[in-house]
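This briefing concerns the strand and helix arrangement of the structure shown next.

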Amino acid sequence: MAHDAAALTTRGVAHDFGEVRALDGVTLTVGAAERVALLGRNGSGKTTLLRIASTQIRPDEGRVTVGGIDLASSPASVRARIGVVFQSPALDMALTAREALRLQAALVRIPRPERSARIADALAEAGLTDRADDRLGSFSGGMARRLDLARGLLHRPALALLDEPTTGLDPIARDAFWAVLDQRRTDGAQIVATHLMDEAARCDRVVILDAGRVVADDSPAALTSALGADALWL
């Protein structure tokens with residue numbers, strides 16, 4: 001199948017949880033090399049949109065494609081193109097860092113001859129080469145998050161989906177996490193759900209969700225300038 005230029009497209013996507021409408025007609029396009037921030041308060045629909053894009057749930061209405069592949073008809077093909085980093089590390093703390101990446105390499109079917117080099121590169125990018133054979137239970141929160149990012153991006157996905165990945169990290173750990181993310185920009189598109197304005201400013205575009213709808217979609221600079229001069233309310 002020939003893939004279009006968009007890493008992700010959604011057309012009129014809606015989803016309900018009981019009587020609560022989590023998404024209400026979201027239409028969005030993310031380019032093949034874009035980094036897009038999903039910004040919004042809790043309950044705005046960020047996580048629901050990422051769960052749909054990662055094939056965890058299906059939308060009640062609308063259509064989603066990843067790299068031109070229809071999510072509803074070919075979810076397995078979509079899963080082969082994406083990498084997901086959740087709000088909490090998806091790691092087995094009884095494993096070593098190297099073992100965790102070996103397991104991931106097998107799960108995403110990286111060819112055996114490539115695995116050792118790919119894992120070594122991932123550990124180096126994450127700054128964890130010297131801790132490769134230590135149990136994850138001994139890792140700090142920042143180290144675990146960097147390893148979890150390495151896990152999610154190990155197969156070099158065309159679309160990386162990150163759901164508030166730096167929650168609970170201190171500023172130094174957040175910067176280290178984003179440094180790894182910056183190194184992987186050439187792999188494909190990145191969608192980062194966040195509450196933090198400084199993280200949104202690192203992205204090419206910011207999509208603001210409110211009550212399940214897109215209420216703004218533009219570059220960080222354009223959105224900032226649209227706010228006008230600073231104001232102080234007392």
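Two strands are taken as paired if DSSP finds at least two bridges between them, while strands (E, at least two residues) and helices (H or I, at least four) are DSSP runs numbered from the N terminus. The model is a predicted one, in which local features need pLDDT of at least 70, side-chain atom pairs count only at pLDDT 80 or more, and totals for chains, interfaces and linings use all residues. Residues are numbered from 1 along each chain as its sequence is written, and side-chain values use heavy atoms, with hydrogens and water left out.

**Six-stranded sheet**
- An open sheet of mixed pairing is formed by six strands in the order E6-E7-E8-E3-E9-E10.
- Strand E6 (82-85) and strand E10 (213-218) are at the edges with a single partner strand each, so one side of each is left without a neighbour in the sheet.
- From one strand to the next the twist averages 15°, where axes are lines fitted to C-alpha atoms, for helices over the stretch in contact, and angles run from 0 to 180 degrees between N-to-C directions.
- Strand E3 (residues 35-39) and strand E9 (residues 205-210) run parallel and are joined by four bridges, with Val36 standing opposite Arg205 in E9.
- Helix H5 (residues 141-153) packs on this sheet, touching E6 and E7, where contact means heavy atoms within 4.5 Å, and the direction of H5 makes about 165° with that of E6.

**Four-stranded sheet**
- Four strands in the order E2-E1-E4-E5 form an open sheet with antiparallel pairing, and its edge strands, E2 (20-31) and E5 (69-70), each pair on one side only.
- Strand E4 (residues 61-66) pairs with E5 in the antiparallel sense over two bridges, and Thr65 has Asp70 in E5 as its bridge partner.
- Helix H1 (residues 46-53) lies across E1 (6-17), E2 and E4, running at about 120° to E1.
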